[in-house]
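Here is a short report on one protein chain. Keep the sequence and the 3D view side by side as you read.

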Amino acid sequence: MANKRTCLYDKHEALGALISPFGGFDMPIQYTDIKDEHMAVRTACGVFDVSHMGEVTVKGPDAERYVNHIFTNNVSGMAPGKILYGMMLYENGGTVDDLLVYKMGDNDFFIVVNAANIDKDWAWMTGHADGFDIDLENRSDFYGQLAVQGPEAEQVVEQVLGLPCSELTFYTSKVIGNLIVSRTGYTGEDGFEIYGSHEAIRQMWDKLMASHRCKPCGLGCRDTLRFEVGLPLYGDELSADISPVMAGLGMFCKLDKAEFIGREALVAQKEQGVDRKLVGIELAGKAIPRHGYTVLKDGQPIGEVTTGYHTISTDKSVCMALVDSRWAKLGTEVEVQIRKKTFPGVVVRKRFYDKHYKKG
């Protein structure tokens, strides 16, 4: 089956982007150079086509109760315009997906899911909707999405796109005309995500490119940026076999909530502990640890790398890895096997570069 294409595919081709499959879509990996695009986001402004992401709307009298049932965070009492991060879980605590939930109004929610999981998530959501008076709609084919990210993002969004957004603080949103604009992103920098029809998103992309105020960025630097600030990628740091507790994301799972799918499993994990934990590892030298490489302690395997890079912002060889909990303490000395050699490393915090959000 052929991969899908976003509403901006022809724009990427015209810019000479390197296109590669991701999450069932043909997506731009880079336009010029991953390092240049990465540093544009860290120092100025970059724009990403993230129209491959999925969107689901939940409306109706039981919308809040339903979202709380499938979502680890607590949407009770959320004010319209607020956004929460969290997960959908299997009954055993494994992760179906990690999500953003937007409160649009009373009994009106907008849920953003990962591109590779759209079909799976939709099946999960519809399969757990019995007994709830809701209108559930998969709007993934309607919406396009841009992410404008970096310290100059607010100026660019206001001046180039004409979208008043300076009063938005981190993890808030508002509807502007036929667009949803939120102060969110996946880079560790200030920025905005903009949802609209395919034609609206195409027009905004053209305005951004014509302004020369915003560098087009591909999924290559999207991954290096999110990795540096310790943000998880589904399939690497979260999966059906990796619970939020293992991944160090328990803060987004409100166990004081009456119920949600997977709650009992997480309660047990909190009480009894887990056998694996996600950690950061810093290596000496410039050898690059990659996904799937083995982590060892005194020559014995204790886990494996989930994501690794020689970081662009800090010039260090680091990785996130899922390891035996006995060796997850900060400062623990370990080794990483890279091809036929082992390289010494030390367990460090998973955030390798500080985030720069506008908290308000």
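## Ground rules

Helices (H or I, at least four residues) and strands (E, at least two) are DSSP runs, numbered from the N terminus. This is a predicted model, where local features need pLDDT of at least 70, side-chain atom pairs count only at pLDDT 80 or more, and totals for chains, interfaces and linings use all residues. Residues are numbered from 1 along each chain as its sequence is written, and side-chain values use heavy atoms, with hydrogens and water left out.

## A five-stranded sheet

Start with an open sheet of five strands. Its order is β6-β7-β8-β5-β9, and the pairing is antiparallel. Two strands pair if DSSP finds at least two bridges between them. The edges are β6 (83-89) and β9 (135-138), and each of these pairs on one side only. On average, neighbouring strands are turned by 25 degrees against each other, direction ignored. Axes here are lines fitted to C-alpha atoms, for helices over the stretch in contact, and angles run from 0 to 180 degrees between N-to-C directions.

Helix α4 (residues 118-127) packs on this sheet. The helix touches β5 (54-59), β6, β7, β8 and β9. Contact means heavy atoms within 4.5 Å. The direction of α4 makes about 170 degrees with that of β9.

## Strands β7 and β8

Strand β7 (residues 95-105) and strand β8 (residues 108-113) are antiparallel partners over five bridges.

The loop between β7 and β8 holds N107. This residue is not a glycine, yet its phi is positive, near 55 degrees. Is N107 buried, partly exposed or exposed? N107 is partly exposed, because its relative accessible area is 32%. The cut-offs: buried means under 20% relative accessible area, exposed over 50%, partly exposed in between (1.4 Å probe, protein chains only). Y171 also has a positive phi without being a glycine, of about 65 degrees. Y171 sits in the loop between α5 (153-159) and β11 (173-176).

## The nonpolar cores

A nonpolar core is a set of buried Ala, Val, Leu, Ile, Met, Phe, Trp, Tyr and Cys residues joined through side-chain atoms within 4.5 Å. The largest one has 38 residues. F48, Y85, L100, Y102, F110, V112 and Y195 touch the most other members. Elements giving two or more residues include β10 (143-149), α7 (219-228) and β18. The most comes from β6, with four residues.

Take Y102. Leaving aside neighbours within four places in sequence, its contacts include F110, V112, I180 and Y195. Another core lies apart, with 28 residues, among them L146, A153, L161 and L179.

## Strand β18 and its partners

How many residues of strand β18 (residues 317-324) are buried? Eight of its eight are. Strand β15 (residues 276-283) pairs with β18 in the antiparallel sense over eight bridges. There, V279 stands opposite A321. Strand β17 (residues 300-310) also runs antiparallel to β18, joined by seven bridges. G308 has C319 of β18 as its bridge partner. The hairpin of β17 and β18 has six residues between the strands, and D315 in this hairpin takes a positive phi near 60 degrees.

## A buried cysteine

C217 belongs to strand β14 (residues 215-217). C217 counts as buried because its relative accessibility is 1%. Beyond neighbours within four places in sequence, C217 is in contact with Y31, E37, V41, G46, V47 and F48. C217 and A147 are 70 residues apart along the chain, with 9.7 Å between their C-alpha atoms.
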